Amino acid sequence: MSLMRLCQLDELPEYGGMAALVEGRQLALFNLPGLGYFALDNWDPLGQAQVLSRGILGDIKGEPCVASPLYKHHYSLRNGRCLEQEDTAVQVWPVVAKDGQLWLEQ
(Lines give C-alpha, C1' and ligand atoms only; values in the text may rest on other atoms or scores of the structure.)
Protein backbone atom coordinates (compact mmCIF):
# COMPACT_ATOMS: atom_id res chain seq x y z
CA MET A 1 0.00 0.00 0.00
CA SER A 2 1.28 3.46 -0.87
CA LEU A 3 0.13 6.90 0.23
CA MET A 4 -0.51 10.00 -1.91
CA ARG A 5 -0.59 13.38 -0.17
CA LEU A 6 -3.87 15.25 -0.64
CA CYS A 7 -3.58 18.32 1.61
CA GLN A 8 -2.52 19.64 4.99
CA LEU A 9 -5.12 18.89 7.65
CA ASP A 10 -5.43 22.58 8.57
CA GLU A 11 -6.42 23.37 4.95
CA LEU A 12 -9.57 21.26 5.27
CA PRO A 13 -12.16 23.19 7.32
CA GLU A 14 -13.96 21.51 10.20
CA TYR A 15 -17.46 20.47 9.12
CA GLY A 16 -16.54 21.45 5.58
CA GLY A 17 -15.24 20.14 2.30
CA MET A 18 -12.89 20.91 -0.54
CA ALA A 19 -12.05 19.43 -3.91
CA ALA A 20 -8.77 17.79 -4.86
CA LEU A 21 -7.58 16.75 -8.30
CA VAL A 22 -5.94 13.32 -8.17
CA GLU A 23 -4.57 11.90 -11.41
CA GLY A 24 -7.27 13.65 -13.44
CA ARG A 25 -10.12 12.69 -11.10
CA GLN A 26 -11.87 15.14 -8.77
CA LEU A 27 -12.34 14.02 -5.17
CA ALA A 28 -14.44 15.68 -2.49
CA LEU A 29 -12.61 15.75 0.86
CA PHE A 30 -14.46 16.25 4.15
CA ASN A 31 -13.51 16.83 7.79
CA LEU A 32 -16.04 15.81 10.44
CA PRO A 33 -14.46 16.27 13.89
CA GLY A 34 -15.11 13.24 16.04
CA LEU A 35 -15.82 11.07 13.00
CA GLY A 36 -12.72 11.66 10.89
CA TYR A 37 -11.85 12.47 7.32
CA PHE A 38 -13.66 11.22 4.24
CA ALA A 39 -13.12 11.23 0.48
CA LEU A 40 -15.73 10.64 -2.23
CA ASP A 41 -15.87 11.29 -5.94
CA ASN A 42 -16.77 14.94 -6.39
CA TRP A 43 -19.13 14.01 -9.25
CA ASP A 44 -22.85 14.11 -8.41
CA PRO A 45 -24.33 11.46 -10.74
CA LEU A 46 -27.86 12.85 -10.40
CA GLY A 47 -26.96 16.52 -10.85
CA GLN A 48 -24.32 15.68 -13.48
CA ALA A 49 -21.70 18.08 -12.06
CA GLN A 50 -18.54 18.19 -9.94
CA VAL A 51 -20.16 19.71 -6.84
CA LEU A 52 -20.19 17.34 -3.85
CA SER A 53 -17.26 19.11 -2.17
CA ARG A 54 -19.55 22.15 -1.83
CA GLY A 55 -22.39 20.17 -0.27
CA ILE A 56 -23.81 20.48 3.23
CA LEU A 57 -22.58 17.95 5.79
CA GLY A 58 -24.89 16.31 8.28
CA ASP A 59 -26.39 12.97 9.13
CA ILE A 60 -29.60 11.10 8.50
CA LYS A 61 -30.52 8.61 11.22
CA GLY A 62 -26.90 8.52 12.35
CA GLU A 63 -25.44 8.05 8.85
CA PRO A 64 -22.91 10.84 8.11
CA CYS A 65 -23.62 12.26 4.68
CA VAL A 66 -23.22 15.15 2.29
CA ALA A 67 -26.20 16.80 0.58
CA SER A 68 -25.52 17.74 -3.02
CA PRO A 69 -25.94 21.47 -3.58
CA LEU A 70 -27.93 20.78 -6.78
CA TYR A 71 -30.87 18.51 -5.99
CA LYS A 72 -30.15 17.93 -2.27
CA HIS A 73 -29.68 14.16 -2.62
CA HIS A 74 -27.70 12.77 0.30
CA TYR A 75 -24.61 10.59 -0.19
CA SER A 76 -23.20 8.47 2.65
CA LEU A 77 -19.66 9.47 3.57
CA ARG A 78 -18.97 5.87 4.61
CA ASN A 79 -20.09 3.95 1.52
CA GLY A 80 -21.11 6.56 -1.12
CA ARG A 81 -24.69 5.27 -1.42
CA CYS A 82 -27.38 7.82 -2.26
CA LEU A 83 -29.87 7.70 0.60
CA GLU A 84 -32.81 8.65 -1.61
CA GLN A 85 -31.97 6.38 -4.56
CA GLU A 86 -30.29 3.20 -3.39
CA ASP A 87 -29.30 2.19 -6.93
CA THR A 88 -27.10 5.31 -7.17
CA ALA A 89 -23.72 5.75 -5.48
CA VAL A 90 -20.39 7.54 -5.74
CA GLN A 91 -17.02 5.95 -5.15
CA VAL A 92 -15.52 6.25 -1.67
CA TRP A 93 -11.74 6.59 -1.33
CA PRO A 94 -9.72 5.46 1.72
CA VAL A 95 -7.86 8.29 3.44
CA VAL A 96 -5.67 8.52 6.51
CA ALA A 97 -4.58 11.50 8.61
CA LYS A 98 -0.87 11.31 9.43
CA ASP A 99 1.82 13.84 10.35
CA GLY A 100 -0.54 16.80 9.86
CA GLN A 101 -1.41 15.69 6.32
CA LEU A 102 -4.34 13.92 4.67
CA TRP A 103 -3.25 10.97 2.53
CA LEU A 104 -5.03 8.83 -0.04
CA GLU A 105 -4.35 5.12 0.45
CA GLN A 106 -3.59 3.41 -2.86
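Colleague: So helices and strands are DSSP runs: at least four residues (H or I) for a helix, at least two (E) for a strand. What share of residues 4–104 is helix, and what share is strand?

Modeller: This is a predicted model, to begin with. Over residues 4–104, the chain is 0% helix and 52% strand. The end C-alpha atoms of that stretch are 5 Å apart.

Colleague: What does UniProt list for residues 4–104?

Modeller: An unreviewed UniProt entry gives them as "domain: Rieske".

Colleague: And the protein chain, how many helices and strands?

Modeller: Zero helices and twelve strands. Read along the sequence, the pattern is β-β-β-β-β-β-β-β-β-β-β-β.

Colleague: Let's pick a strand. Is β3 largely enclosed or open?

Modeller: Strand β3 covers residues 25–32, and six of its eight residues are buried, so the rest of the structure largely encloses it. Buried means under 20% relative accessible area.

Colleague: Which strands does β3 pair with?

Modeller: Strand β2 (residues 16–22) is joined to β3 by seven bridges, running antiparallel. Strand β4 (residues 36–41) also pairs with β3 in the antiparallel sense, over six bridges.

Colleague: Give me a residue to look at. What stands opposite Phe30?

Modeller: Gly17 stands opposite Phe30 of β3. In β4, the bridge partner of Phe30 is Phe38.

Colleague: What about the turns?

Modeller: The hairpin of β2 and β3 has two residues between the strands, and Glu23 takes a positive phi near 50 degrees there. The hairpin of β3 and β4 has three residues between its strands. Gly34 in that turn has a positive phi of about 90 degrees.

Colleague: How many bridges hold β11 and β12?

Modeller: Four, and β12 spans residues 101–105.

Colleague: Last one, overall shape. What radius of gyration does the chain have?

Modeller: It has 13 Å. A compact globule of 106 residues would be near 13 Å, so the two agree. The C-alpha atoms fill a box of roughly 35 × 30 × 20 Å along the principal axes.

Colleague: And what share of the residues is buried?

Modeller: Of the 106 residues, 42% count as buried. The accessible surface is about 5800 Å², and 49% of that belongs to carbon and sulfur atoms.

Technical notes:
Residues numbered from 1 in each chain as written. Predicted model: local features only at pLDDT ≥ 70, side-chain atom pairs only at ≥ 80, totals over all residues. Heavy atoms only, no water. Pairing = 2+ DSSP bridges. Buried < 20%, exposed > 50% of the residue type's maximum accessible area, 1.4 Å probe, protein only. UniProt positions renumbered as here; feature names shortened; annotations may be inferred. Rg over C-alpha atoms; globule rule 2.2 N^0.38 Å. Areas by Shrake-Rupley, 256 points an atom, 1.4 Å probe, with all protein chains shown as cover.
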